[in-house]
Amino acid sequence: MMVPSVKIHSENSAQGTNSKPNPMVRFALEKVTANSKFHLKHNPMIIDLGCGKLRHLKICRDFSDNIILVDTKEQIERKQKFGDTTATMAEYVKATQDGRVKIDIVETEAFTKKKYNADIVLNVAVMDVVPKKVRSSLVDATYNNLRANGYCILIIPRNDSSILINCRRENKYEDGHIFKNRGHNDFTFYTNFRDPSPLLRVLTHRGFKLIEDLSIYRQICLILQK
Ligand SMILES: C[S@@+](CC[C@H](N)C(=O)[O-])C[C@H]1O[C@@H](n2cnc3c(N)ncnc32)[C@H](O)[C@@H]1O
């Protein structure tokens, strides 16, 4: 039975600031920046699309001094825990800024209308927690904000039995499931991309070329080029 339309709060899916980074993030960034076949200049502009609780900010800083953090208005504006600090994203970033790295924070709605000409858009653990319509709008926004020949690094965790245990027939929603998690009262969404080909079709239809597929059983990791 399909569950009727509900408001999904993907903000509550975000891993904590002190959670381990996704293992593919540094690996993929090293790959595209170190290998001359990617033709990336030193110090590329990186957009972290769906940056959440900034679990990957430190890694982005290691590769770039021009970073744009994008998330929903709700995620950007709310006071939340960043490690031991309770602050908004802007307050936390300001408090940790070292003057070397330029960091801008942009709400996703504004981002969809921008053209930043970035070298890399990093998209980690976002596509599995948002419904189809949002996924397509993020694909469009990524394309529009990359420079010609820029790269999208798309990382999607999958096949995690501790999450799959929440996915039953009763809570099916679109191509995934909805449930309450991390002690929150709102619904979050999750779809397990055992097979990424439907999403890959959306990306290639938009104009992306798949350059490398670094996926493993527990993580999809695709390097796509505009
Ligand atoms: C599971 S978290 C991942 C956060 C971060 N990328 C990480 O790996 O730690 C998913 C994030 O996507 C964000 N998100 C949901 N819808 C979004 C949208 N339309 N645009 C940008 N971010 C969005 C959520 O607010 C949340 O912060």
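This is a predicted model: local features need pLDDT of at least 70, side-chain atom pairs count only at pLDDT 80 or more; totals for chains, interfaces and linings use all residues.

Analyst: Residues are numbered from 1 along each chain as its sequence is written, and side-chain values use heavy atoms, with hydrogens and water left out.

User: OK. Which residues of H1 are buried?

Analyst: Met24, Val25, Ala28, Leu29 and Val32 are the buried ones in H1 (buried means under 20% relative accessible area, exposed over 50%, with a 1.4 Å probe and protein chains only). They fall within an arc of 125° seen down the axis of H1, so they line one face of the helix. The arc is taken from the directions from the helix axis to the C-beta atoms.

User: And which residues are exposed on the other side of H1?

Analyst: Pro23 and Ala34.

User: What do the buried residues of H1 pack against?

Analyst: Strands E1, E6, E7 and E12, plus helix H2. Contact means heavy atoms within 4.5 Å.

User: What caps the N-terminal end of H1?

Analyst: Asparagine 22. One of its side-chain oxygens lies 2.8 Å from the backbone nitrogen of methionine 24; the polar contact cut-off is 3.5 Å between N or O atoms.

User: Switching topic. At what angle do H6 and H8 pack?

Analyst: About 35°, with the axes 10 Å apart. Angles run from 0 to 180 degrees between N-to-C directions.

User: Which residues meet there, between H6 and H8?

Analyst: Arg135, Val139, Asp140, Tyr143 and Asn144 in H6 meet Leu199, Val202, Leu203 and Arg206 in H8.

Technical notes. Helices (H or I, at least four residues) and strands (E, at least two) are DSSP runs, numbered from the N terminus. A polar contact is a pair of N or O atoms within 3.5 Å; within protein, one must be able to donate a hydrogen and the other to accept it, and residues adjacent in sequence count only if both atoms are side-chain atoms.
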